[in-house]
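Please look over the structure shown here. A short briefing follows, grouped by topic.

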Number of protein chains: 2
Amino acid sequence: MELHAARLDEARRVAIFGGTHGNEMSGVMLVNLWVQNNTEVQRKGVEVQPFITNPKAVEKCTRYVDTDLNRAFTPENLSTLGGGDLPYEVRRAQEINRMFGPKGSPEAYDVIFDLHNTTSNMGCTLLLESSKDHFNLCLVLLNEHPLLKYSTSRSVAKHPVGLEVGPQPQGVLRSNIFESMRDILKHALDFIELFNAGMEFPPCTVEVFRLSERIDYPRDDNGNIIAMVHPNLQDCDWEPLNPGDPMFQTFDGKTIHYQGSGTVYPTFINEAAYYEKQQAFATTRRESLVASAIRKA
Amino acid sequence: MELHAARLDEARRVAIFGGTHGNEMSGVMLVNLWVQNNTEVQRKGVEVQPFITNPKAVEKCTRYVDTDLNRAFTPENLSTLGGGDLPYEVRRAQEINRMFGPKGSPEAYDVIFDLHNTTSNMGCTLLLESSKDHFNLCLVLLNEHPLLKYSTSRSVAKHPVGLEVGPQPQGVLRSNIFESMRDILKHALDFIELFNAGMEFPPCTVEVFRLSERIDYPRDDNGNIIAMVHPNLQDCDWEPLNPGDPMFQTFDGKTIHYQGSGTVYPTFINEAAYYEKQQAFATTRRESLVASAIRKA
């Protein structure tokens, strides 16, 4: 553990993204609200910009129009030419990268909060992309993985923060989920204001869930799903899944058990949007991350 | 009450519709299963046909492609010419009407079970279209209304039965909802087999909820939603809503109370698909229906 506080640049420019998936309603409605009246998200010494990232998908109340915007921020997409011939979300990714990035550059926004909902019973989850980002270190799902890359919208920022709150069906706005998300944003912005004002935050240890593996639904030879998430696993995000525990239930009533080598913590269980991504749930492993004390440089 | 059993024609031809809305997964998966292997739905003396009504919407996992198939069975749509220029669901409605109707004719299928899921906490609900259909008389929502007409897919049958089971998010298959739906269908088919075999069913009184009014979300002058279903009402389908009870919560924290003249029983509370139909929930009134004894003619 470091004895002295890590010195970090203050966060002068913060964006709040809603509608990266157009049918995840809490983020869409919150950002629309704040675009009309930003009083609630103003903080001293911070420029806060609420922004609808995929307005066409929001209008259609669909996840995306041509391709998943939240997987579109790859180096290839961001540098490709083609203008009007490109898929809508690739063009939009380039626009967003120009406005809030460029990704990896000193001109990039300091923090982007990206507001998402899930049909999974995940509660309030922060999705972080690096275990070395002391600025960010709440439930934390760490998407830092040698192989699984996401190329998210928020990744154009220096400190990208995904906020995933559920369960909420696609196309539905639930007051409890909406208010939770609003509350977390309020605290996050308060934190940034205090940090910019020079407050030192002490070191802390945070329990996080590191993304491990994606588990697909059992399928037949034609790729058709032949089993559902087992009732014992459904809605049990973040709870331990041990070798031998029920995992799937086939349509003819058989139970399929988890065969891994040790305890894992499933998340994104039965998320609607992940059927097309061949994912019934993701496994994670718990670990402790030590965040050093931080204060502004 | 009638002393003698009403004599009704036996039900020789029964269809089970799934995928009338392509993102309501329990019905889609059950019907796909039974199309591959119909052993589970075979009954003596009954021809049972499982059928995916909107295969294009199922493929895209969306409610519909051009227009809501389950509102498309109007006399105008069913008689209009135009072939390939017509919206996909209108063409499909004409095909379904030829296969399972024609609507109102002696050639029509006897019974159509139409399998639906809702994001509302409605449990297992039968949707019936007439209070005079003794054949049908289980929670029952009676869509018999002088003004609100639906023109559903199942309406081509002599005895149309909608089955609505929730809560289940769009695009998600939950094992509990799937198994409930499967169980209800099993009992319904058993009933038809016994009826056809000559069993007499005694008269009974059934509590039903008669559709009364549609309540929209509060909106601003531009038509934008400015309030959510109140947490006290969310998930409280079929429970009494009394004058003065909280109904909506505005984004700035105000409560909007129900102002009706008497107790109603809300249903379809916060159904995802009804945002575009300007409906936050529907009110119903409880009534008792007396079904006479029935046996086959």
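## Briefing

Strand S4 (residues 111-117) of chain B is largely enclosed by the rest of the structure, because seven of its seven residues are buried. Buried means under 20% relative accessible area, exposed over 50%, and partly exposed in between, with a 1.4 Å probe and protein chains only. Strands (E, at least two residues) and helices (H or I, at least four) are DSSP runs numbered from the N terminus.

This is a predicted model: local features need pLDDT of at least 70, side-chain atom pairs count only at pLDDT 80 or more, and totals for chains, interfaces and linings use all residues. Residues are numbered from 1 along each chain as its sequence is written, chains are lettered from A and ligands numbered from 1 in the order in which they are written, and side-chain values use heavy atoms, with hydrogens and water left out.

**Strand S4 of chain B**

- Both faces of S4(B) are covered. B:Val111, B:Phe113, B:Leu115 and B:Asn117 are buried on one side, and B:Ile112, B:Asp114 and B:His116 on the other.
- S4(B) pairs in the parallel sense with strand S2 (residues 13-18) of chain B, over four bridges. Two strands pair if DSSP finds at least two bridges between them.
- B:Val14 has B:Val111 as its bridge partner in S4(B).
- S4(B) also pairs with strand S7 (residues 159-166) of chain B, in the parallel sense over seven bridges. Here the bridge partner of B:Val111 is B:His159.

**The S9-S10-S11 sheet of chain B**

- Three strands form an open sheet in the order S9-S10-S11 (chain B), with antiparallel pairing.
- Strand S9 (227-229) and strand S11 (255-257) of chain B are at the edges. Each has a single partner strand, so one side of each lacks a neighbour in the sheet.
- From one strand to the next, the twist averages 35°.
- Strand S10 (residues 246-250) of chain B pairs with S11(B) over three bridges, in the antiparallel sense. B:Gln249 has B:Thr255 as its bridge partner in S11(B).
- Helix H5 (residues 175-196) of chain A lies across S9 and S10 of chain B, at about 130° to S9(B). Axes are lines fitted to C-alpha atoms, for helices over the stretch in contact (heavy atoms within 4.5 Å), and angles run from 0 to 180 degrees between N-to-C directions.

**Helices**

- Helix H5 (residues 175-196) of chain B has 22 residues and reaches 32 Å from its first C-alpha to its last, close to the 32 Å expected. The expected span is 1.5 Å times one less than the number of residues.
- Buried residues of H5(B) include B:Phe178, B:Met181, B:Leu185 and B:Ile192.
- Among the buried residues of H1(A) are A:Met25, A:Val28, A:Leu30 and A:Trp34. Their cover includes strand S3 (47-52), helix H2 (55-60) and H5 of chain A.

**Chain A as a whole**

- Chain A has five helices and 14 strands.
- Its C-alpha atoms fill a box of roughly 60 × 50 × 40 Å along the principal axes.
- Buried residues make up 56% of the 297 residues in chain A.

**A:Ser151**

- A:Ser151 is in the loop between strand S6 (140-142) and strand S7 (159-166) of chain A.
- A:Ser151 counts as buried because its relative accessibility is 19%.
- Leaving aside neighbours within four places in sequence, its contacts include A:Arg71, A:Phe73 and A:Lys103.
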